[in-house]
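Here is a walk through one protein chain, taken a few sites at a time. Keep the viewer open as you read.

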Amino acid sequence: MFGSGVPTVAVDALSSDDFLLDVREDDEWQAGHAEGALHIPMSDFVARFGDLTEKAPEGGRINVICRSGGRSAQVTAYLVQQGLDAANVAGGMQDWAAAGRPVVAADGAVGAVI
């Protein structure tokens, strides 16, 4: 759990089949992200909530990631309040990269976490 009871999941507990929602801003996403993740910046999240509900697996968990886990914890709390199964990815993209998980840039090259 993160902070006030937000469900969390460790990077090493995720498989390549798990649904991942990246809530970082556009410049962070373009520099490097997890391949296959859905990108909805936290600043646009409420306005684009329908994008998430269209793409998230029905009945499946939404794993929310940001750079270090702060923003994603806030979005996870919101999703849980909406009755969705969501978990904050502990350590965010920093832990993702540190665990050796692939990070790709917007152009498909090897990316970096900024």
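The model is predicted. Start with the largest pocket. About 220 Å³ of space lies in it. The pocket is lined by 15 residues, and the closest to its centre are Ser15, Ser16, Asp18, Glu35 and Trp96. Sorted by class, the lining has seven nonpolar, four polar and four charged residues.

Stay with Trp96. This residue is found in helix H4, residues 92–98. Is Trp96 buried or exposed? Its relative accessible area is 8%, so Trp96 is buried, since buried means under 20%. Beyond residues up to four places away in sequence, Trp96 touches Val11, Leu14, Leu20, Ala34, Ile65, Arg101, Pro102 and Val103. Trp96 and Asp18 are both among the residues closest to the pocket centre. Along the chain, they are 78 residues apart. In space, 14 Å separates them, C-alpha to C-alpha.

Asn63 is found in strand E4, residues 62–65. Its relative accessibility is 1%, so Asn63 counts as buried. The side chain of Asn63 has a polar contact of 2.8 Å with the side chain of Arg61. Leaving aside neighbours within four places in sequence, Asn63 is in contact with Val9, Leu14, Asp18, Phe19, Leu20, Leu21, Ala87 and Val89.

Asp22 is another buried residue, at 1% relative accessibility. It lies in strand E2, residues 20–22. Which side chain makes a polar contact with that of Asp22? The side chain of Arg24 does, at 2.8 Å. Not counting residues up to four places away in sequence, Asp22 touches Trp29, His33, Ala37, Leu38, His39, Ile40, Pro41, Ile65 and Met93.

Asp51 lies in helix H2. Its relative accessibility is 24%, so Asp51 counts as partly exposed. Its side chain makes a polar contact with the side chain of Arg48, at 2.8 Å. With neighbours within four places in sequence left aside, Asp51 is in contact with Leu38 and Ile40. Asp51 and Phe19 are 32 residues apart along the chain, and their C-alpha atoms are separated by 14 Å.

Now turn to the rings. A pair of aromatic rings is described by the distance of the centres and the angle of the planes. A search of the whole structure finds three aromatic pairs. One of them joins Phe45 and Phe49, edge-to-face, with 6.0 Å from centre to centre and 80° between the planes. Phe45 is buried because its relative accessible area is 3%. The rings of Phe49 and Tyr78 also pair: their centres are 5.9 Å apart and their planes stand at 90°, so this pair is edge-to-face. It links distant parts of the chain, with Phe49 in helix H2 (residues 49–55) and Tyr78 in helix H3 (residues 70–81), 29 residues apart. Tyr78 has a relative accessible area of 27% and is therefore partly exposed. Ring pairs link Phe45, Phe49 and Tyr78 into a cluster.

Conventions:
Residues numbered from 1 in each chain as written. Predicted model: local features only at pLDDT ≥ 70, side-chain atom pairs only at ≥ 80, totals over all residues. Heavy atoms only, no water. 1 Å grid on protein atoms, 1.4 Å probe; cavity = no way out; pocket = protein on both sides within 12 Å on 5 of 7 lines; lining within 4 Å. Points joined across faces, edges and corners; volume = space filled by probe spheres on them. Nonpolar A, V, L, I, M, F, W, Y, C, P; charged D, E, K, R; others polar. Helix = DSSP H or I, 4+ residues; strand = E, 2+ residues; numbered from the N terminus. Buried < 20%, exposed > 50% of the residue type's maximum accessible area, 1.4 Å probe, protein only. Polar contact = N/O pair within 3.5 Å; in protein donor to acceptor, adjacent residues only side chain to side chain. Contact = heavy atoms within 4.5 Å. Phe/Tyr/Trp six-rings, centres within 6.5 Å; stacked < 30°, edge-to-face > 60°.
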